[in-house]
Amino acid sequence: MEQRLSLITIGVKNLAAMRDFYEQKFGWSPAAVNKDIVFYKVNGMLLSFFPAKDLADDAGLAEHTSAGSFALGYLVPSEKEVDNLFDLLENNGVEIVKRPVKTFFGAYTGYVKDVEGNLWDVGYNPLIPLDAEHNVITHEDIRHLEQ
C-alpha cells in the first residue's frame, strides 16, 4: 500500500448545516454532491461529509462511535496570511477557538471550529514547506525538538 491519502470522510450529524457552513463561511464549492453526501476537492484529495449513521451502516458497525479526537490542518505560507485568514473567517461568523500564537518551534497557528465542532488548525509552519499550490512538500526533521 502506498503512503498517500485520497479521501477523508467525516460522519456528520447534519449534512445540510455542514454544507452551509463550508460553502457560506469558508467559501468552498462542492466537487460533487447529492442529497446523501458532499465532496470538496482539497489539493490532491477529497474531503467528504456523510451522515454519521449512514457511515456506520456502510462500514457494518452496530452504531456510530467516535474514533477519537482530530484536527484538520490548513497551512499557508506566512504569518500575515494566517492573520488575514482569521480576519476573513471571523467576519464570516466562524467560531474562533484560539487566536494564532507563535509556538516554541516557530509555527504561528490558531484554531477554528466548524458547525459541528470539528477543529481546524489554521497556521504557518516553517518546518512544513509548501509548493506553489500550497501542497505539503515534506516535513523537516524534528528530532532537535525532543525534550
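Okay, so, before anything else: what you're looking at is a predicted model. The chain has 147 residues, and 30% of them are buried. The accessible surface is about 9,600 Å², and carbon and sulfur atoms account for 51% of that.

On charge, we've got 22 negative side chains and 13 positive ones. The centres of those two sets sit 3 Å apart.

Now the secondary structure. How many helices and strands do we have? Three helices and eight strands. Going along the sequence, the pattern reads β-α-β-β-β-α-β-α-β-β-β.

Let's take the sheet with strand 1 in it. Four strands make an open sheet here, ordered 1-4-3-2, with mixed pairing. Which strands are at the edges? Strand 1, residues 7-12, and strand 2, residues 32-33, each pairing on one side only. Inside that sheet, strand 3 (38-42) and strand 4 (45-51) run antiparallel, with five bridges between them. If you want to find that pairing on screen, look for Val42, whose bridge partner in strand 4 is Met45.

And the helices on this sheet? Helix 1, residues 15-25, lies across strands 1, 2, 3 and 4, at about 30 degrees to strand 3. Then helix 2, residues 52-59, packs on the sheet as well, touching strand 1 and strand 4. Its direction makes about 100 degrees with that of strand 4.

Strand 7 (108-113) and strand 8 (119-124) are antiparallel and joined by six bridges. A handy place to look there is Lys113, which has Leu119 in strand 8 as its bridge partner.

Which helix goes with these strands?

Last thing, on contacts along the chain. Take the contacts between residues at least 6 apart in sequence: 46% of those join residues at least 24 apart.

That's the tour, thanks.

Methods. Residues numbered from 1 in each chain as written. Predicted model: local features only at pLDDT ≥ 70, side-chain atom pairs only at ≥ 80, totals over all residues. Heavy atoms only, no water. Helix = DSSP H or I, 4+ residues; strand = E, 2+ residues; numbered from the N terminus. Buried < 20%, exposed > 50% of the residue type's maximum accessible area, 1.4 Å probe, protein only. Contact = heavy atoms within 4.5 Å. Areas by Shrake-Rupley, 256 points an atom, 1.4 Å probe, with all protein chains shown as cover. Lys, Arg positive; Asp, Glu negative; His and termini not counted. Charge placed at Lys NZ, Arg CZ, Asp CG, Glu CD. Pairing = 2+ DSSP bridges. Axes fitted to C-alpha atoms, helices over the stretch in contact; angles between N-to-C directions.
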